[in-house]
Amino acid sequence: MSENEVKNLEAIFEARIARDEKIEPKDWMPEKYRQTHIRQISQHAHSEIVGMLPEGNWITRAPSLRRKAALLAKVQDEAGHGLYLYSACETLGISRDELYEQLHSGKAKYSSIFNYPTVTWADMGAIGWLVDGAAIINQVPLCNTSFGPYARAMVRVCKEESFHQRQGYEIMLTLCNGTQEQKEMAQDALNRWWWPSLMMLGPTDDASVHTEQSMKWKLKRKTNDELRQQFIDQTVPQADLLGLTIPDPDLKFNEETGHYDFGPIDWDEFWQVVKGHGPCNKERMNARVNAWEEGAWVRDAAMAYAEKQTAKKVAKAS
Amino acid sequence: MTKNWPLWEVFVRSKNGLEHRHFGSLHAADAEMAMENARDVYTRRNEGVSIWVVESKYITASNPQDNGELFEPAQDKIYRHPTFYDLPDDVKHM
């Protein structure tokens, strides 16, 4: 294809997106669109898969059967969300194995928040309330993104995610209505998860390299700073209702703007964690790689069994 | 000897009276496992009463590049639509 022809196709493509038309896997698309989507969708899928690990830690120690069933269902949803997203990503011409390889080798990233440890039961409450809360804010606009398979996966994810946040908030509420010690446990969890949750919505707009292109492709419909403000505005009253204090001395409602002003975020910490130096980066990747490698014989056995069954059927038929 | 599990497409009938609709895809070693995985991945909340799975390689899909040839001929056949025919307003039930 000549350079002019590509330019022409690109113009038609951009116009389709501007008209809110969806792009489907077999449609022509610029290589950069394909690569950007592989990067974002896979990163999203990896986050769901790695996101199971901090919570899996508490399934066997949940304080009641009700809590255990809910947590188990939530973790199972995350596995499901990872699978929806991997499938969507594969429609762009990358194999599941390549995607896993990118995660395991560290080439692909996942949300940095899952590199923090879950040290008390209250962390299950804080994660559901804050981490899933921030995730929902990030994900709802993606239900309208331009790439069809991604948008469809996100519709399903968003429908299921709301229970995650509600069960988290209920855990916090129960702790806050409990003994002094339980309430302190809830406050401690909020103290530790608040700032990482704000960072989870991504670098500030002036430091975000992908925002402009992603906005054009509707891969992003609001900037990181807009999403962060929205998250803070809706979360602060929820903390008030729990009787907990947000660990930010600069947090203050601004009558003029109608939004909360907040203190500076420690971006050095964020970049340290992204670069692999968070408290649990190694532990998470080891757990993930072990699960994959130690499961290899099971995958092979299932495949060998399937092939044997097919051979038997063929022999019978002939 | 690692051989990857093939890809399957999943179709779910959400309730009787409705058609099966494409829900997504997944990997599985064989049809039985594809069915079990489809149940776990796509119907955790009563989304369906019936599931079809078919290995993706058996689906033949049209190519968007052929869309003109395939679908445009229908565009100028407006006489296939009821509004093409001029009838006086007095004609009822038609």
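The model is a predicted one, and it scores ipTM 0.89 and pTM 0.93. Chain B comes out with an average pLDDT of 94, and 98% of its residues score at least 70.

With those elements in hand, the second largest pocket is a handy place to start. Helix H3 (65-90) and helix H6 (148-176) of chain A, plus strand S1 (7-13) and strand S2 (20-27) of chain B, each put at least two residues into the lining of this pocket. H6(A) gives the largest share of that lining, with seven residues. The space in the second largest pocket amounts to about 1,100 Å³. Its lining runs to 37 residues, and the ones closest to the centre are Arg152(A), Glu9(B), His22(B), Phe23(B) and Gly24(B).

On to chain B itself, which has two helices and three strands, laid out along the sequence as β-β-α-β-α. The radius of gyration of chain B is 21 Å, whereas the globule rule gives 12 Å for 94 residues, so the chain is more spread out than a compact globule. Taken along the principal axes, its C-alpha atoms fill a box of roughly 70 × 35 × 15 Å. As for burial, 27% of the 94 residues of chain B count as buried.

The strands of chain B are worth a walk-through. S1(B) and S2(B) run antiparallel and are joined by seven bridges; within this pairing, Val10(B) sits opposite Gly24(B) of S2(B). The two strands make a hairpin with six residues between them, and in the turn Gly17(B) takes a positive phi of about 105°. S2(B) is largely enclosed by the rest of the structure, because six of its eight residues are buried.

S1(B) also pairs with S3(B), again in the antiparallel sense, over six bridges. Here Trp8(B) stands opposite Glu55(B) of S3(B). In a regular strand, side chains alternate between the two faces of the sheet.

Glu78(A) is found in helix H3 of chain A. With a relative accessible area of 5%, Glu78(A) falls under the 20% cut-off and is therefore buried. Glu78(A) lies 54 residues from Asp132(A) in sequence, with 11 Å between their C-alpha atoms. Gly278(A), for its part, sits in the loop between helix H10 (267-277) and helix H11 (281-294) of chain A. The relative accessible area of Gly278(A) is 15%, also under 20%, so this glycine counts as buried. From Gly278(A) to Leu241(A) there are 37 residues in sequence and 31 Å in space, C-alpha to C-alpha.

Definitions and conventions
Residues numbered from 1 in each chain as written. Chains lettered and ligands numbered in written order. Predicted model: local features only at pLDDT ≥ 70, side-chain atom pairs only at ≥ 80, totals over all residues. Heavy atoms only, no water. pLDDT = per-residue confidence, 0-100. 1 Å grid on protein atoms, 1.4 Å probe; cavity = no way out; pocket = protein on both sides within 12 Å on 5 of 7 lines; lining within 4 Å. Points joined across faces, edges and corners; volume = space filled by probe spheres on them. Helix = DSSP H or I, 4+ residues; strand = E, 2+ residues; numbered from the N terminus. Buried < 20%, exposed > 50% of the residue type's maximum accessible area, 1.4 Å probe, protein only. Pairing = 2+ DSSP bridges. Rg over C-alpha atoms; globule rule 2.2 N^0.38 Å.
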